[in-house]
Amino acid sequence: MAHPKAERTLVVIKPDGLQRTLVGEIIGRYERLGLKLIGMKLMVPTASHIEKHYNLDPNWKRIVGEKSIEAYQKKGLKPPSMDPLKLGDKVIDSLKKYMTSGPVVAMVWQGAHVVKIIRKVTGGTEPLTSDIGTIRGDFVHDSYQMADTDSRAVRNLIHASGSVDEANNEIKHWFKKEELIGYRLIAEQILYDVNIDGLLE
Ligand code: ADP
């Protein structure tokens with residue numbers, strides 16, 4: 001079994017993240033956690049690339065629909081539909097428009113528990129209810145209600161893989177093997193080495 005410090009995740013800074021000139025800020029948030037950037041590229045994804053990305057998990061459409069229904073109900077509002085699959089279809093269409101509207105930055109980050117850590121720092125899907133201190137909570141204020149009113153995707157700056165399995169599939173979808181660079185980061189010694197030798201002179 002691979003060591004936990006070899007865990008990887010996919011992050012995509014969405015078109016609004018670039019337009020808000022938040023690329024440096026977002027990368028800085030992950031860097032300061034001690035995580036390692038092992039792949040990065042600027043690109044304009046195609047609609048079919050985005051459609052495939054969100055269909056890598058066959059349950060995604062239903063889950064995204066359920067999450068949105070729950071968010072409405074929690075706020076005491078009536079969801080636009082009670083059928084999660086119908087809502088999921090609409091979200092995929094909106095996402096294709098959103099994610100192909102301009103350049104995005106795709107990245108692979110590595111480190112122990114990187115999937116969970118990056119999701120935590122990125123914040124919940126809906127910026128309106130994302131915690132303060134998270135990237136989404138600090139820099140945007142969009143909501144499901146806003147997105148539905150204007151028939152568009154929730155603009156929340158970032159995509160980050162939801163689980164280790166999802167991450168492995170998504171990384172293969174976005175990056176060729178040779179685009180990822182294995183290297184040692186000096187800070188890893190203090191983060192991960194069993195013996196911390198050679199500090200004192
Ligand atoms: P996350 O990106 O937090 O993992 P999901 O996988 O549930 O969230 O959804 C993918 C993306 O689709 C979200 O980041 C958001 O941009 C958009 N989205 C999700 N639900 C809705 C919705 N009900 N209406 C519009 N856009 C949505």
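**Note on aromatic contacts, pockets and backbone of the predicted model**

1. Lys36 is placed over the face of Tyr183, 5.2 Å from the ring centre. Lys41 is likewise over the face of Phe175, at 4.6 Å from the ring centre. A charge is taken to sit over a ring if NZ of Lys or CZ of Arg is within 6 Å of the ring centre and within 35 degrees of the ring normal.

2. The structure is a predicted model, in which local features need pLDDT of at least 70 and side-chain atom pairs count only at pLDDT 80 or more, while totals for chains, interfaces and linings use all residues. Residues are numbered from 1 along each chain as its sequence is written, and side-chain values use heavy atoms, with hydrogens and water left out.

3. A search of the whole structure gives 2 aromatic pairs. Rings of Phe, Tyr and Trp (its six-membered ring) pair if their centres lie within 6.5 Å; planes under 30 degrees apart count as stacked, over 60 as edge-to-face and the rest as tilted. Tyr30 and Trp109 form an edge-to-face pair, because their ring centres are 5.5 Å apart and their planes stand at 70°. Tyr30 belongs to helix 2 (residues 23-31) and Trp109 to strand 3 (residues 104-110), so the pair ties together parts that are 79 residues apart in sequence. Helices (H or I, at least four residues) and strands (E, at least two) are DSSP runs, numbered from the N terminus. Both Tyr30 and Trp109 are buried, where buried means under 20% relative accessible area, exposed over 50%, and partly exposed in between (1.4 Å probe, protein chains only).

4. Tyr54 and Trp60 make a tilted aromatic pair, with 4.7 Å from centre to centre and 40° between the planes. Tyr54 is buried, at a relative accessible area of 8%, and Trp60 is buried at 18%.

5. On a 1 Å grid over the protein atoms alone, a pocket is an open set of points where a 1.4 Å probe fits, with protein on both sides within 12 Å along at least five of seven lines; lining residues have an atom within 4 Å of a point. The volume of the largest pocket is about 720 Å³. Helix 5 provides the largest share of its lining, 6 residues. The lining comprises 14 nonpolar, 8 polar and 11 charged residues. Domain 1 (1-12 + 34-44 + 106-201) and domain 2 (46-102) both contribute to the lining, so the largest pocket lies between them.

6. The second largest pocket has a volume of about 230 Å³. Its lining includes Lys67, Glu70, Thr125 and Tyr144, and helix 4 gives the most, with 4 residues. The lining divides into 2 nonpolar, 4 polar and 5 charged residues. Since domain 1 and domain 2 both give residues to the lining, the second largest pocket also lies between them.

7. Most residues other than glycine have a negative phi. Ser151 has a positive phi, near 45°, and Leu157 has a positive phi, near 70°. Ser151 is in the loop between helix 8 and strand 4, and Leu157 is placed in the loop between helix 8 and strand 4. Is each residue buried or exposed? Ser151 counts as exposed, at 56% relative accessibility, whereas Leu157 counts as buried, at 0%.

Conventions: Points joined across faces, edges and corners; volume = space filled by probe spheres on them. Nonpolar A, V, L, I, M, F, W, Y, C, P; charged D, E, K, R; others polar. Domains from an automatic or database assignment.
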